[in-house]
Amino acid sequence: MKKLFSLLLAGLMIVSLSACSDKKEEETDLDEYLNDEIVIDEYTNEVTGETFHFADVTSDTVKITKYEGPDLPHAVEIPSEVSIEVEENGVTRTITKTITGIDDLAFYALSNITEVKIPNTITLIGDMAFAECRQLTSVTIPVSVQELGQAAFKGCVNLKSITFEAGSKMTAIPDAAFMHCTALESLTVPGNIETIGKAAFQGCESLKSIVIEEGVKVIGEQAFQNCKALEALTLPASLTEIKASPVENEEEAKNFNFWGCEALYIENVTVPADANSVAAKYIASLKLQNKPVEEPAA
């Protein structure tokens, strides 16, 4: 009799657990459905006067499509999430969505932004997202960013420093990404970035030092053209291609990547010891001169 009771009790427990499991799954499905139905299209910070506009990416993630802020110069701290309260059948609950993207042109030409803090929830920064933000002075690309759009920071003429966080997941700096950032003074491209796109740093006229770390494989056409102040350059053994511009004269095509780098002399270029490496052969083809010896004043 006791054995039979134990078996019956075990059976009831299994049924009970199964019912609880089904209930939890139903609640989870309901939450996902409700989140999917609720759209958070904007958020205004009453203290700072900033408004962020959003579009859904998934049921629980959004991207910034537009930013509006004070007219005076100011720093922007992008939140990692946005929340709203909704009332359903007399019950108030909070809906929270994670901010994972910055859309194309979201901050385009906002000349009053001096600094931007990007949270480590952001995985995508779109095309021209911060282009022509002419007062922006520094930017750190967080480790979470997997994709940077074309011309994302093009024309940020006061941008003095670019930092890629250690362990960055980016594999490419796209075409024209930092083109005409004329205040940029030094640059280190980490080895996780395999490709530097066409004209990525073209016209960075104050850029004095470039270190391209081991791991980078491709430098695109005109990548560092007209970096007039460039004095020191380090190229890695990992380079497999330094692309030439499509012009008739082959030697001229090679020079187009560093054309206009008037301050670059051969003694300040570091290449692999292997003379047959892509980097060493490329620099040899440029026929860079030695820095002229300055004669002592009379």
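The points below take these topics in turn.

1. Please keep in mind throughout that this is a predicted model. The comments that follow therefore describe computed geometry, with local features considered where pLDDT is at least 70.

2. The structure holds 9 aromatic pairs. One of them is formed by Phe 130 and Phe 153, whose rings are stacked, with 5.1 Å from centre to centre and 5° between the planes. Phe 130 sits in the loop between β8 (124–125) and β9 (138–141), while Phe 153 sits in the loop between β10 (147–148) and β11 (161–164), so this pair ties together parts of the chain that are 23 residues apart in sequence. Both Phe 130 and Phe 153 are buried.

3. Another stacked pair is that of Phe 178 and Phe 201, which counts as stacked because the ring centres are 5.4 Å apart and the planes lie at 10°, under the 30 degrees used as the limit. This pair also links distant parts of the chain, with Phe 178 in the loop between β12 (172–173) and β13 (186–189) and Phe 201 in the loop between β14 (195–196) and β15 (209–212), 23 residues apart. Phe 178 is buried, and Phe 201 is buried as well.

4. Leu 105 is in the loop between β6 (91–102) and β7 (113–117), and its relative accessibility of 46% places it between the 20% and 50% limits, so it counts as partly exposed. Glu 132 is in the loop between β8 and β9.

5. What surrounds the side chain of Glu 50? Glu 50 lies in strand β2 (residues 50–56) and is buried yet has no salt bridge, the nearest side chain of opposite charge being that of Lys 117, 11 Å away. Its side chain does make polar contacts with the side chains of Thr 48 (2.8 Å) and Tyr 67 (2.6 Å). Beyond its neighbours within four places in sequence, Glu 50 is in contact with residues including Tyr 43, Asn 45, Glu 68, His 74 and Val 76.

Conventions: Residues are numbered from 1 along each chain as its sequence is written. This is a predicted model: local features need pLDDT of at least 70, side-chain atom pairs count only at pLDDT 80 or more; totals for chains, interfaces and linings use all residues. Side-chain values use heavy atoms; hydrogens and water are left out. Rings of Phe, Tyr and Trp (its six-membered ring) pair if their centres lie within 6.5 Å; planes under 30 degrees apart count as stacked, over 60 as edge-to-face and the rest as tilted. Helices (H or I, at least four residues) and strands (E, at least two) are DSSP runs, numbered from the N terminus. Buried means under 20% relative accessible area, exposed over 50%, partly exposed in between (1.4 Å probe, protein chains only). Lys and Arg count as positive and Asp and Glu as negative; His and the chain ends are not counted. A salt bridge is a side-chain nitrogen of Lys or Arg within 4 Å of a carboxyl oxygen of Asp or Glu. A polar contact is a pair of N or O atoms within 3.5 Å; within protein, one must be able to donate a hydrogen and the other to accept it, and residues adjacent in sequence count only if both atoms are side-chain atoms. Contact means heavy atoms within 4.5 Å.
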